[in-house]
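Here is a friendly walk through a two-chain model. Have the sequence and the 3D view open as you read.

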Amino acid sequence: MSIEVVVENLKGKFAASILEVAEFRGETTVIVKKEEIVAICSYLKMSEGFNFLSDLCGVDYLGKKDDRFMVVYNLYNISTHARLRLKVAVAEKDATVDSVASVWGTANWHERECWDLLGISFNNHPDLRRILMPADWVGHPLRKDYPVQGPDRAPYQGGLS
Amino acid sequence: MALTETMTVNMGPQHPSTHGVLQLILELDGETVIKATPHIGFLHRGVEKLSEERTYHQVLPLTDRLDYLAPMHNNLAYVLAVEKLFGITEAIPERAKTIRVMMAEITRLKSHLVWLACHALDIGAMTVFLYCFREREMIMDMYEKLSGARMTSNYFRVGGLSADLPAGFEADVRSFIDVMPGHIDTYEGLLNGNIIWQKRIQGVGVISAEDAIDIGLSGPSLRGSGVDWDLRRDNPYSGYENYDFKVCVEQGCDTWARYRVRLAEMRESVKIIRQTLDRLQAGPIMADCPKICLPPKKDVVNTIEGLIHQFKIISDGPKPEVGEIYQGVENPKGEVGFYLVSDGSGRPYRMKIRPASFVNLQALPQMVQGRMIADVVAIIGTLDIVLGEIDR
């Protein structure tokens, strides 16, 4: 079953929630409404065989898009070896998405990482704590307005001596 | 009825069998583990953040330092991802692809040797450790000859390779793969019939195929649970579709099954390396895409045009189209993937690494639950984690 068929099925089932379908270098990306993400993920896992969540991450589009963040889900089907990417837009003032940890257990740590590094919170997550940064860290380092040298430090000027 | 009380014990981050800076908070009832909570991030260096400040060529050395036991696989995943983003996958010359496969498989052997050495050492079989490190040293020497470094090789380049094979390298590889199957027999001879080894790993760390897929296990850890999936065969890259090799699967779901899978994989790697040597033909090692790829080193050091070319490519960086791609490869530990987002500038807008060890470690709490504390060591070993990749 090709990925076009999956996208057509998805459109048929969740017509109102599919915002955009993009194709780049042979990879398909579907942007969906964030309210429906758990329903869409469950459907893709149960009916279309996307049983493996390869990766989940957030992207900060500060100043580039109306909604500041995107949460990206890279799905994989172990039987057909097909890949599909889902994305949801997340606004800065309501930076929460429903957790998909109930669909794929592996999402647990990926979502913790996304919360830790980008400050996107996940509803109904079983254990939403920081994972890579220390527990008392302030700020979310992968945000575009977080300086690369860390807070309260002058930018690195290079080894000029 | 006796009153029982659970005890919380801190294991790591300074503990020899956690294979790096992994901290486990173990809740124990006597010697039985009730609950394990991993704490990670002690080695977090912000590779993803740093990469946003660098050009696509400058990110490459950072990838060596992820899974430092298999640096060439990280390099390979990254260069394949960038090549896909630029749309030059088809332009990579045959010789470069073949050498990439050859080095990737040598690296798989290197990583599996460290895994076997440390796994056996943790369980008490010290001899195996010394034998494995002896063979690993041969690979280290090859690395040094090829790239000048024993661990952080940084040998692949976007579009091809940094340099051709040095003189005599093919003969080194050939003599290595001639002796390697005999060495693998030795390891198996030391371990397979060893009753302590059997008792310590058979039936330990059981995870069903369904649970393993749900928690995201990949690579040999997943194949030990009977899932027949290998990216080299199923989503081939760098010409893997042209090689004849077997995907090793075991149905046991335990540490013993994963041990069998990895040893069988080592034999398959030797087979693939032999095929690459037979296929290796003279030819270019860099794609003919001067706007994207680095010029040959001899031009850089001998001509002013070459020097300027190199300078422009490194400092300004080639600019891909706006878009996003994901590229996964079969690392010795599992699926390592790079998700790159381009905004049309010379630097990655966002680079997300999908580390195999990070996801595999997530299975640890459910695998150790209800087991004895000594099994924790065996289960950490069987998951084959590298903290450099987990913490990034």
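## Pairing strands

Two strands count as paired when DSSP finds at least two bridges between them. With that in mind, look at strand E2 (residues 23-29) of chain B, which pairs with E3(B) in the antiparallel sense over seven bridges. Within this pairing, B:Leu26 stands opposite B:Ala36 in E3(B). Please remember as you look that this is a predicted model.

## The E1-E2-E3 sheet of chain B

Strands E1, E2 and E3 of chain B form an open, antiparallel sheet of three strands, in the order E1-E2-E3. Its edges are strand E1 (7-11) and strand E3 (32-39) of chain B, each of which pairs on one side only. From one strand to the next, the twist averages 20°.

Which helix packs on this sheet? It is helix H16 (residues 373-383) of chain B, which touches E1, E2 and E3 of chain B. The direction of H16 makes about 150° with that of E2(B).

## The E6-E7-E8 sheet of chain B

Another open sheet of chain B has three strands in the order E6-E7-E8, again with antiparallel pairing. Here strand E6 (323-331) and strand E8 (350-354) are the edge strands, each pairing on one side only. The twist in this sheet averages 10° from one strand to the next.

Strand E7 (residues 334-342) of chain B is joined to E8(B) by five bridges, and the two run antiparallel. In this pairing B:Gly337 stands opposite B:Arg354 in E8(B). Helix H3 (residues 71-86) of chain B packs on the sheet and touches E6, E7 and E8 of chain B. The direction of H3 makes about 150° with that of E6(B).

Chain A has three helices and seven strands. Read from the N terminus, its elements follow the pattern α-β-β-α-β-β-β-β-α-β. The C-alpha trace of chain A spans about 60 × 35 × 30 Å along its principal axes.

How many residues meet where the chains touch? In chain B, 49 residues are in contact with 47 residues of chain A. Interface size is often given as the accessible area lost when the parts come together. For chain B and chain A, about 4000 Å² is buried between them, 56% of it on carbon and sulfur atoms. There are 11 salt bridges between the two chains. A:Glu27 and B:Lys84 form a salt bridge, with their closest N and O atoms 2.5 Å apart.

## A nonpolar patch on chain B

B:Leu121, B:Met126 and B:Leu130 make a nonpolar surface patch of about 280 Å². Of these residues, B:Leu130 lies in helix H5 (residues 126-147) of chain B.

Key
Residues numbered from 1 in each chain as written. Chains lettered and ligands numbered in written order. Predicted model: local features only at pLDDT ≥ 70, side-chain atom pairs only at ≥ 80, totals over all residues. Heavy atoms only, no water. Patch = residues over 30% accessible without salt bridge, like charges linked within 9 Å, V, L, I, M, F, W, Y side chains within 5 Å. Areas by Shrake-Rupley, 256 points an atom, 1.4 Å probe, with all protein chains shown as cover. Salt bridge = Lys/Arg side-chain N within 4 Å of Asp/Glu carboxyl O. Helix = DSSP H or I, 4+ residues; strand = E, 2+ residues; numbered from the N terminus. Axes fitted to C-alpha atoms, helices over the stretch in contact; angles between N-to-C directions. Contact = heavy atoms within 4.5 Å. Buried area = accessible area lost by both parts, 1.4 Å probe.
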